[in-house]
Amino acid sequence: MYTVRTRTTSPHYRKGEFSVLRRFSDFLWLFETLTANNPGVIVPPVPDKHPFGRFQDTFIETRRLALQRAVTKITAHPVLQLDPDLRMFLESDHFATDSKNRRAEFQQEAGNKGLLSSWTGPKFVEQDDWFDSRRAFLDSLESQLKSLSKSLETASKARLDMATSMTDFASSVSALSDSDLGSAMCAVLARLSDLAHQEKEANEEQAKAEVVNLLNLSDEYVRFIASVRLAFAGRIKSYERWQMAEKEVTRLRGVREKARQQGKLGDRGPQSLAEIGDVSDTINGSDRNSDPFTGMGIS
């Protein structure tokens, strides 16, 4: 459970400062909902299940920082900061019920679109060289990041193995320092045991730093690449909706023309034109304001 504290000057919120409790699954809901609400927008990703489970003492703090970075970037986005589901996430005191109702609305909308979604039009063929080049760049970058993560994890594991070996070595030397080898020799062995313990702690700290700072950063970039791909996929969905709309307009015009030729148009003339206009119209986004969020904290 996380406490999300918000400070904002936005008039869309009831208060200027407020806090709520949210589970990790609620952050996943936020990402999925914002992605569905804003096709074509790159939504900053929240962390997935942590793949590096060897350091449970640093896991909670690492995830908290990743969640805070994600939500801070979301609230700074000129489009996402005005999404009503973000406002619900940040200030609702009954989020479990509200999010459940929103999920039911999504399912109902998906059901209403079922007939159109079953239609398969022409296959989308990318015509823009820029998108092709960006996709190739992302594929290459993702491969390099995954290779980097694998190398870092191998190095981290080696450091942990070294720390374990140093622990065994320090224990052995410490046992020798308690023997009757002479005071001078025992003092040297005791000092060597202390140095071995320090080396063990240094290896563990270095391994943890590699996970917290490098592995998690690499993982975050990989998740951003996935978000970019989702935004690119929005172009394909827009193309499909455009094709479905054109098909529907053609059908409605055909029905209108057939009725006109048969002399059955009559009073339905204005209504049929309105139906054609409803399908043809596009919805423009509202104006965006500057960033009203002055503070975002997760603990």
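Asp161 counts as partly exposed because its relative accessibility is 40%, where partly exposed is the range between buried (under 20% relative accessible area) and exposed (over 50%), found with a 1.4 Å probe and counting protein chains only. Lys157, with a relative accessible area of 47%, is partly exposed as well. The two residues form a salt bridge in which the closest N and O atoms are 3.3 Å apart; the term asks for a side-chain nitrogen of Lys or Arg within 4 Å of a carboxyl oxygen of Asp or Glu. Both residues belong to helix H6 (residues 129-177), where they stand four residues apart, about one turn of the helix. An α-helix has 3.6 residues a turn, so residues three or four places apart point the same way.

## How the model is described

This is a predicted model, in which local features need pLDDT of at least 70 and side-chain atom pairs count only at pLDDT 80 or more, while totals for chains, interfaces and linings use all residues. Residues are numbered from 1 along each chain as its sequence is written, and side-chain values use heavy atoms, with hydrogens and water left out.

## The chain as a whole

The protein chain has eight helices and three strands, which are DSSP runs numbered from the N terminus, helices (H or I) having at least four residues and strands (E) at least two. Along the sequence they follow the pattern β-β-α-α-α-α-α-α-α-α-β. Of the 299 residues, 35% count as buried. Where residues at least 6 apart in sequence are in contact (heavy atoms within 4.5 Å), 73% of these contacts join residues at least 24 apart.

## Nonpolar cores and a surface patch

The largest nonpolar core has 24 residues, and Phe27, Leu30, Leu34, Ile74, Leu86 and Leu90 have the most contacts inside it; such a core is a set of buried Ala, Val, Leu, Ile, Met, Phe, Trp, Tyr and Cys residues joined through side-chain atoms within 4.5 Å. At least two residues of this core come from each of strand E1 (2-8), strand E2 (17-22), helix H1 (24-37), helix H2 (56-76) and helix H3, and H1 gives the most, with six residues. A second, separate core has seven residues, including Phe131, Leu145, Val222 and Val228. Helix H3 (residues 84-91) is mostly covered, as seven of its eight residues are buried.

On the surface, Leu176, Leu181, Met185 and Val188 form a nonpolar patch with about 380 Å² of accessible area together. Patches are made of residues with over 30% relative accessible area and no salt bridge, like charges being joined within 9 Å and nonpolar side chains (Val, Leu, Ile, Met, Phe, Trp, Tyr) within 5 Å; the areas come from the Shrake-Rupley method with a 1.4 Å probe, and for residues only the protein chains shown count as cover. Val188, placed in helix H7 (residues 183-261), counts as exposed because its relative accessibility is 54%.

## Salt bridges across the chain

The structure holds 13 salt bridges. In one of them, the side chains of Arg14 and Glu91 meet at 3.9 Å, N to O. Arg14 lies in the loop between E1 and E2 and Glu91 in helix H3, so the pair ties together parts that are 77 residues apart in sequence. Arg14 is exposed, at 62% relative accessible area, whereas Glu91 is buried, at 12% relative accessibility.

Lys73 forms a salt bridge with Glu220, the closest N and O atoms being 3.2 Å apart. This pair links helix H2, which holds Lys73, with helix H7, which holds Glu220, across 147 residues. A network of salt bridges also links Asp139, Glu142, Lys146 and Arg229.
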